[in-house]
Every structure is written in C-alpha cells, then in structure tokens.
Amino acid sequence: MKISIINGSPKPGKSTTELMIEYLIPFISDNRVSVYHINRTNWDKIQFAEIGSCDVLIFAFPLYVDSIPAHMLSFLIELEKQKHLFRKKMIYCIINNGFYEGQQNHIALDQMKNWCSAMGLTWGQGIGIGAGEMLPFCKDIPLGHGPNKNIGRAFKELAYNINALDGGKDLFISPNWSRFLWKLQASFSFFYPQAKRNGLKKKDLFKQIHDEYF
Ligand SMILES: Cc1cc2nc3c(=O)[nH]c(=O)nc-3n(C[C@H](O)[C@H](O)[C@H](O)COP(=O)(O)O)c2cc1C
C-alpha cells in the first residue's frame, strides 16, 4: 500500500510534527511511505499526481489559533483544485498543539473532516496531542513509557487502523506528566527564554489586546 504523509509545520528545522511522523513511520513501515514537507517543496503537477496515487494520505501539522494554519489551508485549497487526482483515499490526521490539553485540537480535526467530505474522501481517524513543545524533550524515552505512555498507545491504535485501512474514534491525549510541572517547565525553559530572544519582557506575555488599544 502507498502512504503519503504531509508535514504541515512551517518550521524549517526540527519540529514536533516531524517527531510525530518519526514516531509513526516504524509502525507502518511495511508500506511504501513518502513524506512531503509543504514548506520545503515546490509544488507542481507531478508531485500532486504522486500524492494522488497513494492509498492513504496522512496530514500532520501544528494547531494555530484553534485551527488549521493558514499555509496548510492554502495547501488544502491547492489539493482541492486537483480533486480529480484524489479519489478513494483514506485520510488520517495528527495535530499537535502548545497547550497541555490535546482536546484543543477538536475544532481543527472537524475542519479536516469537512475538507474530507468536500473532497469526497473517507475520514479514517485523527489524533490531537497536547503539550507539543514538551514532546521533543521526551524523544529519547521509548513510546508507551513514562511521559510517552499515552502517545505510544495512540500511535499504536492509529497505525493499526492505517494498516487495516480502517476507521477509528478520534483520540485526544496529553503526555503522562503533571500539568502543574509542565506549566512551570514550559514557562521557564521555553516561553520566557523565547520571549527574551525576541526582545520581549516576561510581562509582555501577559498583555491583553485591551491593554494596548483602550
Ligand atoms: C501562530 C501560532 C498560533 C498558535 N495557536 C495555538 C493555539 O491556538 N492553541 C495551542 O494549543 N497552541 C497554539 N500554538 C502552539 C503550537 O501549536 C505548538 O507550538 C506546536 O507544538 C508547534 O508544532 P510544530 O513544532 O510541529 O510546528 C500556536 C503557535 C503559533 C506559532
């Protein structure tokens, strides 16, 4: 079976999306798997035809503003223009988000389901994974263990359904880690240093629109 995976993270380097794809591939390696990074690829008809010839299409991307990121949306619109190439495919989706709760991805999964039905494709299953920025720090912990326990279970179920060309209930998960600790760690080792690198102070992160404009 031919499987195409679309990496929809805009990050040029390593991303959580890329890690999620790396986690999935060993479970589906009996198939012919190709990965396309939408930001690193020049799209032309040949590549659309290549993707169009697969049996399974998997979208993996980050959540932006509770939704599908704009560049990913443009890509989906491009695919719609080539609708005739995309018949009889099963669609699966892996979305990761920054907040702790994987449930945050439910709207984006619904958007993907709507796109699927507009394209006349079959929805397989989706997973929404929370605390995305933490996951690369756990990449050396085997799936199914410690903080990666839930993620391992979810990927196993997703891969089982992909291999069987079957559908499944959407899964929303967070790492097996205390939310309180995650918040502290994310703030001090990720968000505050990131803000500093971008010329912002800690208090700037808590600004709300009405502070600026009213
Ligand atoms: C513009 C932008 C909007 C975002 N919106 C959300 C959001 O609404 N909810 C959320 O939980 N995370 C949000 N995030 C965080 C990303 O989903 C998170 O950092 C994700 O792990 C990045 O994945 P990647 O490394 O695969 O690109 C947003 C990030 C950016 C840059």
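Helices (H or I, at least four residues) and strands (E, at least two) are DSSP runs, numbered from the N terminus. The structure is a predicted model, in which local features need pLDDT of at least 70 and side-chain atom pairs count only at pLDDT 80 or more, while totals for chains, interfaces and linings use all residues. Residue numbers start from 1 along each chain as its sequence is written.

An open sheet is formed by 6 strands in the order E2-E1-E3-E4-E5-E6, with parallel pairing. Two strands are taken to pair if DSSP finds at least two bridges between them. E1 and E2 pair in the parallel sense over 6 bridges, and Lys-2 has Arg-32 in E2 as its bridge partner. E3 and E4 are also paired in the parallel sense, over 7 bridges; here the bridge partner of Ile-58 is Tyr-92 in E4.

Burial was assigned from C-beta atoms placed from the backbone: a residue is buried if 20 or more other C-beta atoms lie within 10 Å of its own, exposed if 12 or fewer, and partly exposed in between. By this criterion E1 is mostly covered, with 5 of its 6 residues buried. In helix H1 (residues 16-24), the buried residues are Thr-16, Thr-17, Met-20, Ile-21, Tyr-23 and Leu-24. These residues lie on the same side of H1, because they cover an arc of only 155 degrees around the axis, the arc being that of the directions from the helix axis to the C-beta atoms. The buried residues of H1 pack against strands E1 (2-7), E2 (32-37), E3 (56-62) and E4 (90-96), and also against E5 and H5. Contact between two residues requires their C-beta atoms, placed from the backbone, to lie within 7 Å.

Helix H5 lies across E3, E4, E5 and E6 and runs at about 170 degrees to E5. Axes are lines fitted to C-alpha atoms, for helices over the stretch in contact, and angles run from 0 to 180 degrees between N-to-C directions. Asn-150 is placed in H5 and is buried, because 20 other C-beta atoms lie within 10 Å. Not counting residues up to four places away in sequence, Asn-150 touches Ile-173, Ser-174, Pro-175 and Asn-176. The C-alpha atoms of Asn-150 and Arg-40 are separated by 31 Å, the two residues being 110 residues apart along the chain.

Positive phi values in residues other than glycine were found at Ala-131, near 55 degrees, and at Leu-165, near 50 degrees. Ala-131 is in the loop between strand E5 (122-129) and helix H5 (149-163), and Leu-165 is in the loop between H5 and strand E6 (171-173). Ala-131 is buried, because 26 other C-beta atoms lie within 10 Å. Leu-165 is partly exposed, with 13 other C-beta atoms within 10 Å.

The ligand is surrounded by 17 residues, of which the closest are Thr-17, Pro-62, Asn-97, Gly-98 and Gly-132. A residue is near a molecule or strand if its C-beta atom, placed from the backbone, lies within 6 Å of it. The shell around the ligand has 5 nonpolar, 9 polar and 3 charged residues. Ala, Val, Leu, Ile, Met, Phe, Trp, Tyr, Cys and Pro count as nonpolar, Asp, Glu, Lys and Arg as charged, and the others, Gly among them, as polar.
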